[in-house]
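Welcome! Please take a moment to look over the model before reading on.

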Amino acid sequence: MVVNLYPFRETVARANVTLAEAIENIDIGGPSMIRAAAKNFGFSAVVTRPESYDAILQELEDTDGRLSLGTRESLAAEAFSYTARYDTAIARWFVELQEDFPPLLMSAYEKVTDLAYGENPHQRAAYYAQVGARMHVLSMVRQVAGRDLSFNNVLDLNAGRLLVSEFEVPACAIIKHNNPCGAAIGSTAPEAYARALACDPVSAFGGVVCLNRAVDGELARLISRQFCEVLFAPRFTDEALEVFAAKPNMRLLEDNERRRFDISERDLKRVMGGLLVQDRDLDLEDRSEMELVTERKPSEAEWGEMLFGWKVCKHVRSNAIVLSGGLASIGIGAGQMSRVDSVRLALEKARETGAELKGSALASDAFFPFADGPQLAIEAGVTSIIQPGGSRRDLEVVEAADAAGISMVFTHRRHFRH
């Protein structure tokens, strides 16, 4: 039995699909026939994937029209997975029409590719995409060159793609261990890359570089001076590919995705035996919604610096501190248990590279519980700070800023990223 089902998933993925169109494309008889044939695989064979046709026809030809029990059993397993995925897509569509967090959450995932290894070489790994997702981290991504992707490559690529998507102008993010070790914008892609690299060239060694502009020969020569695990960009010119031919192991990924991310998609995090499900933290506060809490008003340049740092800070692991200057990160403190330690780390990184701290901006993903963190930054030369506010000691923090004559802005929304 050879059965293909009505294209329900493809139908509901279209923009402005009507309820009638969706219902019309729910197949009834097909799944029943598939399940019946699969249950009786001892006597029948059911084929649900056109990709299997050639192999099935070849086996029938080689064995006088008889399929082996092993083949029929494999086809049955494939068939039950096929109908389960189909029913899951329908059930998910119905429940999402009614509520965002249903009592029963169903999802199906399809394997996109095997990965070289997991977080560590002794762990096996594969990448699966959620059935029905409008786009995913590897959708419409073509690997131009390099070795197979690893688990960590895909994880870091996801972080980098999300960060550079915050910007319309040329932007670059260099990701290491799922954190940006450098991020910048520029008038050109080479400028953005050079300024992102300057933030922390030591940590950038072996990182994932993500750009929202094409890579030409000039940029390729800059990047080829460093050890880069993965380079992600919308396009690579022929000259760039010639340059990278000398680095055959570098993974070059070309982004051909033009669809926008589905903002309604939930964020899932695995825990022991279950899932934590939440809305995605996608949007950023508008400047008009923020509150100036100090006597000194920030200049337009300082506003721009703070807003840039705020965008980057949202993509740094908590506790997160981003120091920025000239619309580039100059020091990042990530993943510390104490916020003041994150400030110290960011300042240390900036001093290691000789970055100019005088007149720089600081962004913090959550409020400062004490004035010690801002005080360290102020003493180093920071003149503007953006943070959510909301601490019981906000007044103490603001007083420290006023005493130093710097400006401080409250966003009234935090951006933890664990």
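Is Met140 buried, partly exposed or exposed? Met140 counts as partly exposed because its relative accessibility is 48%; buried means under 20% relative accessible area, exposed over 50%, and partly exposed in between, using a 1.4 Å probe and protein chains only. This is a predicted model, in which local features need pLDDT of at least 70 and side-chain atom pairs count only at pLDDT 80 or more, while totals for chains, interfaces and linings use all residues. Residues are numbered from 1 along each chain as its sequence is written, and side-chain values use heavy atoms, with hydrogens and water left out.

**The protein as a whole**

- The secondary structure comes to 13 helices and 16 strands; these are DSSP runs numbered from the N terminus, with helices being H or I of at least four residues and strands E of at least two.
- Along its principal axes, the C-alpha trace spans about 90 × 55 × 40 Å.
- The protein has 418 residues, and 47% of them are buried.
- Of the contacts with a separation of 6 or more, 54% are between residues 24 or more positions apart; contact means heavy atoms within 4.5 Å.

**Empty space: a cavity and a pocket**

- Rolling a probe the size of a water molecule over the atoms shows where empty space is left.
- On a 1 Å grid over the protein atoms alone, a cavity is a set of points where a 1.4 Å probe fits but cannot get out, and a pocket is an open set with protein on both sides within 12 Å along at least five of seven lines; lining residues have an atom within 4 Å of a point.
- Grid points are joined across faces, edges and corners, and a volume is the space filled by probe spheres set on the points.
- A search of the whole structure finds one cavity of 30 Å³ or more, and about 50 Å³ of space lies in the largest cavity.
- The largest cavity is lined by Ile174, Tyr193, Leu197, Ala204, Val209, Gln226, Phe227 and Cys228.
- By class, that lining has seven nonpolar residues, one polar and no charged; Ala, Val, Leu, Ile, Met, Phe, Trp, Tyr, Cys and Pro count as nonpolar, Asp, Glu, Lys and Arg as charged, and the others, Gly among them, as polar.
- The second largest pocket has a volume of about 1100 Å³.
- Its lining has 39 residues, and Arg92, Glu96, Gly132, Ala133 and Asp262 lie nearest the centre of the pocket.
- Helix 5 gives the most to this lining, with six residues, while helix 1 (8-12) and strand 2 (126-130) each supply at least two.
- The lining of the second largest pocket includes 19 nonpolar, seven polar and 13 charged residues.

**Helix 7 and its cover**

- Helix 7 (residues 189-199) has these buried residues: Ala189, Pro190, Ala192, Tyr193, Ala196, Leu197 and Cys199.
- Among the elements covering them are strand 4 (171-176), strand 6 (207-211) and helix 11 (339-352).
- Thr188 caps the N-terminal end of helix 7, with a side-chain oxygen 3.2 Å from the backbone nitrogen of Glu191.

**Asn178 and Asn179**

- Asn178 is found in the loop between strand 4 and strand 5, and counts as buried because its relative accessibility is 9%.
- Asn179 has its place in strand 5, and counts as buried because its relative accessibility is 14%.
- The side chain of Asn179 reaches the backbone nitrogen of Arg317 at 2.8 Å; a polar contact is a pair of N or O atoms within 3.5 Å, where within protein one must be able to donate a hydrogen and the other to accept it, and residues adjacent in sequence count only if both atoms are side-chain atoms.
- Leaving out residues up to four places away in sequence, Asn179 touches Ile174, His315, Val316, Arg317, Ala334 and Arg417.

**Backbone angles to look for**

- Most residues other than glycine have a negative phi, and most peptide bonds are trans.
- Met140, in the loop between strand 2 and strand 3 (141-145), has a positive phi near 55°.
- Asn178 also has a positive phi, near 70°.
- Ser318 and Asn319 are joined by a cis peptide bond, with omega about -10°.
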